[in-house]
Structures are given as structure tokens and as C-alpha cells.
Amino acid sequence: LFVYTLRLALRYKSLRYFQQRLGFGYVPQSEKTIWIHCASVGEVNTALPLLQLLAEKYPQQHYVVSTNTCTGAAIVERNQLHNVMHCFLPLDSVMAVNRFLEVLQPRLAIIVETELWPTLYGSCRKKSVPVVIVNGRLSLRTLQAKGFIRKEYKKSLEIVDHVFVRSPQDKESFLQLGAKAESVEVVGNLKFAQRTGQAHQPLQYFTDRDFVLAASTHDDEEYQLAGIWEQLQRSDYMLVIVPRHPERGAGIARQLQQLQLTVALRSRNDVIDNKTDVYIADTIGELTSFMEIATLVIMGGSFIARGGQNLLEPARLGKPVIVGPHMENFQAEVDLFLTHQACIQVSDKDELATTLNNLLNNTDECKKLVTAASYLMTEQSSIAEKYVQKLETYYQDVFS
């Protein structure tokens with residue numbers, strides 16, 4: 001773990017990451033600190049509407065947002081919310097965790113979605129820090145854990161004071177893993193919450209060409225999608241790929257050299273012209289900006305067995321959304337969208353090629369998807385207020 005942490009610190013050139021993951025270098029906080037933990041970018045984006053609402057309603061409070069990754073840290077810092085500081089979560093060792101809690105002195109720990117750390121939760125219990133999971137969900141891999149790992153998950157959940165989950169199915173999953181029945185409540189999906197004043201970087205050195213966006217792609221998906229793009233021969237559009245892990249950009253470009261496509265790479269400041277077929281945006285923090293001006297969005301992580309990525313952000317931005325067959329981590333969202341005919345799910349690459357061609361040739365069909373998604377997002381937009389109400393109900397003394 002030490003070597004792994006050192007490697008990541010060197011990759012991201014972050015001494016703070018190295019220190020804080022080992023339990024050092026934290027900035028002392030006041031006794032009114034509320035701590036919110038988000039694993040990475042997805043969880044940070046999920047938590048931001050809740051954090052924004054809490055900061056507006058209780059400006060006297062100090063908030064600390066912890067992440068496991070530097071990419072998550074960049075999102076927190078870019079939003080510059082009032083009285084909000086970022087730090088990295090320590091590794092789950094007794095000494096590191098205790099140093100973390102002693103310096104931060106949190107009055108409440110809010111864990112976003114699925115993070116289960118036995119040592120951390122146990123230390124919170126010893127220091128009388130309530131632990132609450134919000135927007136709770138469990139992956140299939142976590143549910144299928146066996147032996148020692150499953151016992152540790154169960155031990156962690158027994159410590160948690162409240163688990164506020166997205167759906168009845170999520171509630172059943174937490175109960176199955178060992179959460180106390182009286183602690184689990186269905187509140188709704190926080191990802192639907194509308195965030196005001198969303199901060200993101202405006203695009204620089206880009207083009208006015210129309211493009212299809214492949215968002216948060218994983219290894220092998222880029223090659224699959226580029227192969228489809230080569231097959232379609234849509235010179236009137238460009239394919240823009242934003243990989244989930246930007247550091248893979250140069251490797252993706254090398255892989256796509258096997259195809260008869262002209263590829264440009266953002267990190268190299270490659271020039272885009274009318275002959276550019278694929279543009280790889282291997283930078284951090286620009287995904288939302290690309291989504292804003294895309295013609296339509298293909299969600300990555302869904303054409304390989306990775307469980308998909310969040311389709312709500314492009315839907316909120318008014319973009320037609322296509323997802324692949326593997327959306328297990330966002331099944332509740334996809335099911336809701338499909339019920340309202342607000343997105344399209346394809347079963348394989350051939351169906352994706354046909355669907356892409358149809359949508360690019362049919363603006364009316366795109367408008368139908370956007371209208372249905374907009375209605376659905378508006379209907380669900382007050383979910384952050386419901387989470388705040390739940391927290392106030394059980395922890396009014398923390399916010400007073």
C-alpha cells in the first residue's frame with residue numbers, strides 16, 4: 001500500500017496526496033466540522049448539490065470533503081464552495097485513521113454511496129462520530145463478497161447509524177449485506193439533484209465542428225467505438241473521446257493507429273481540421289464542457305463489463321444519450337429513463353452503429369429523447385432537499 005500510494009503521488013506530482021493518505025499533513029479544523037467522504041469524481045459530483053445546499057443553509061459550519069483520488073480533489077477545489085476544504089482519506093490503518101480524526105474532529109461523517117472501511121468506521125464509533133451513508137448503493141461485486149471480506153463489510157454496516165438509499169432494491173441489498181433494518185431508509189437518487197452555479201472550465205483551443213461524444217470510456221471501448229466510427233464514415237461529424245482515466249490518452253492514440261482514421265490528441269495540442277476523425281480529450285475537468293456542446297453522448301463503461309457511467313449529467317444538459325448493455329452500476333437510473341423513453345440502450349456494437357446513424361439523421365428523434373429526459377430530471381430535482389431534511393431530523397444538534 002505504501003509503494004502504491006507513492007506511485008500515485010509521483011504520477012500526480014502531489015506531495016499532499018502522499019502525506020494525507022498516510023495520515024499526515026491535515027489542516028486542523030474547528031469543532032463544528034461536518035465531514036463528507038466521496039471516493040472519486042462520480043461521488044463528488046453526486047455530493048455537490050447536497051453540500052451546496054448544506055453550505056447555503058448552515059454557513060456557520062465548516063465542511064471537509066475527502067476523496068481517494070486527485071481527480072476527485074480537482075473537482076472539489078474547482079467549485080470553491082464556502083467554508084469547504086478538501087483532504088485525502090487516509091488508508092484504512094489504525095494510526096493513519098486516528099490521526100485523521102484527531103485533527104479534523106468531525107461532528108458527523110457523511111459517506112457517499114458505497115465506501116465501507118472497517119477501521120475508519122470503528123474509530124468513528126470510539127470517538128462518538130455518527131456515520132451516515134447517503135445515496136447508498138452496492139455493486140454486485142460487493143454483494144457477492146465472501147468469507148473474511150463479507151464479515152468486514154457486515155461489521156462496518158453494523159456501526160453505521162443510518163443508510164439513506166436510492167431505491168427499495170438498494171435497501172434490500174444493504175439488508176442482505178448485514179445493515180440493521182431500522183437504520184436503512186429509502187430517500188431517492190441524489191444524482192438527480194439539480195445543482196446551481198455549476199463550475200467547469202470553458203473549452204479552449206477547440207473547434208466549431210459538430211461531434212459525437214464518447215464520455216468516460218474505459219480500456220478497449222475506445223477501439224470499439226472508433227471502429228464503429230470508421231465503419232459509419234460520417235465526415236460531417238467528429239468523434240470526441242474523453243477517457244475515464246486521462247493518463248491513457250497517448251496509449252489510446254497509439255491503439256487507434258491500426259484504423260484508417262485521423263486522430264488528434266488534446267494533451268499534445270494537436271490541431272483539428274476537417275480531416276480529423278477522432279479527437280481524444282485526455283485532460284481533467286473538461287468533460288462537462290464537452291457535453292454542453294456535443295450533438296449526442298455515448299456513455300462509456302457500458303460496452304465492456306464495467307457497470308457503466310452516470311448518464312444523468314448529459315441528460316441534464318439536454319443531450320440525447322445512448323448507453324450500452326453493461327449499466328449494472330446505474331441500473332435504477334437506466335430503468336427509469338427507459339420507462340420514460342428518455343434514453344436509448346443498445347445491446348451490441350452493430351445496434352450502436354445503426355442507432356447512431358439514425359439519430360444523426362433524425363433531429364426530431366433526438367428532440368423527443370431530450371424532452372423526455374428534461375421532464376424526468378425536473379420531476380426528480382428536489383431530491384437534495386429530501387436528504388437535508390433527513391439529516392436535520394436525526395442530527396439537528398450537529399447543525400445547531
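Which side chain makes a polar contact with the side chain of Glu-286? The partner is Arg-266, at 2.7 Å; point 3 places this pair in context.

1. Basis of the model. The model is predicted, with local features requiring pLDDT of at least 70, side-chain atom pairs counting only at pLDDT 80 or more, and totals for chains, interfaces and linings drawing on all residues. Numbering starts from 1 along each chain as its sequence is written, and side-chain values use heavy atoms, with hydrogens and water left out.

2. Overall fold and surface. The protein contains 17 helices and 14 strands; these are DSSP runs (helices H or I, at least four residues; strands E, at least two), numbered from the N terminus. The radius of gyration is 22 Å, which agrees with the value near 21 Å that a compact globule of 400 residues would have. That radius is taken over C-alpha atoms, and the globule rule is 2.2 Å times the number of residues to the power 0.38. The C-alpha trace spans about 60 × 45 × 45 Å along its principal axes. Of the 400 residues, 54% are buried (buried is under 20% relative accessible area, exposed over 50%, partly exposed in between, with a 1.4 Å probe and protein chains only). The accessible surface comes to about 17900 Å², and carbon and sulfur atoms account for 50% of this area; the areas come from the Shrake-Rupley method with a 1.4 Å probe, and for residues only the protein chains shown count as cover. Among contacts (heavy atoms within 4.5 Å) between residues at least 6 apart in sequence, 68% join residues at least 24 apart. There are 41 positive and 43 negative side chains, and the centres of the two sets lie 6 Å apart. Lys and Arg count as positive and Asp and Glu as negative, while His and the chain ends are not counted; each charge is placed at NZ of Lys, CZ of Arg, CG of Asp or CD of Glu.

3. Glu-286. This residue occupies the loop between S11 and helix H12 (287-293). Glu-286 counts as buried because its relative accessibility is 8%. Besides the 2.7 Å polar contact with the side chain of Arg-266, the side chain of Glu-286 has a polar contact of 2.6 Å with that of Thr-283. A polar contact is a pair of N or O atoms within 3.5 Å; within protein, one must be able to donate a hydrogen and the other to accept it, and residues adjacent in sequence count only if both atoms are side-chain atoms.

4. Asp-277. The loop between strand S10 (263-265) and strand S11 (278-280) holds Asp-277, which is partly exposed at 22% relative accessibility. A polar atom of the Asp-277 side chain lies 2.7 Å from the backbone nitrogen of Thr-262. Leaving out residues up to four places away in sequence, Asp-277 touches Trp-229, Met-238, Leu-239, Gln-260, Leu-261 and Thr-262. Met-238 is 39 residues from Asp-277 along the chain, with a C-alpha separation of 5.2 Å.

5. Phe-303 and His-326. Phe-303 sits in the loop between strand S12 (296-299) and helix H13 (312-316) and is buried, with a relative accessible area of 10%. Its contacts beyond four places in sequence include Glu-221, Gln-224, Val-323, His-326 and Leu-352. His-326 is located in the loop between strand S13 (321-323) and H14 and is partly exposed at 26% relative accessibility. Beyond its neighbours within four places, His-326 is in contact with Gly-301, Ser-302, Phe-303, Ile-304, Ala-305, Gly-307 and Gly-308.

6. Most residues other than glycine have a negative phi. Asn-83, not a glycine, has a positive phi of about 60 degrees; Asn-83 lies in the loop between helix H4 (70-79) and strand S3 (84-88) and is partly exposed at 25% relative accessibility. Gln-341, also not a glycine, has a positive phi of about 55 degrees. Gln-341 falls in the loop between helix H14 (331-339) and strand S14 (344-345) and is exposed, with a relative accessible area of 64%.

7. Separated positions. Gly-25, in the loop between helix H2 (15-21) and strand S1 (33-37), is partly exposed with a relative accessible area of 47%. Gly-25 and Ala-372 are 347 residues apart in sequence and 48 Å apart in space, C-alpha to C-alpha. For His-326 and Arg-21, 305 residues apart along the chain, the C-alpha separation is 32 Å.
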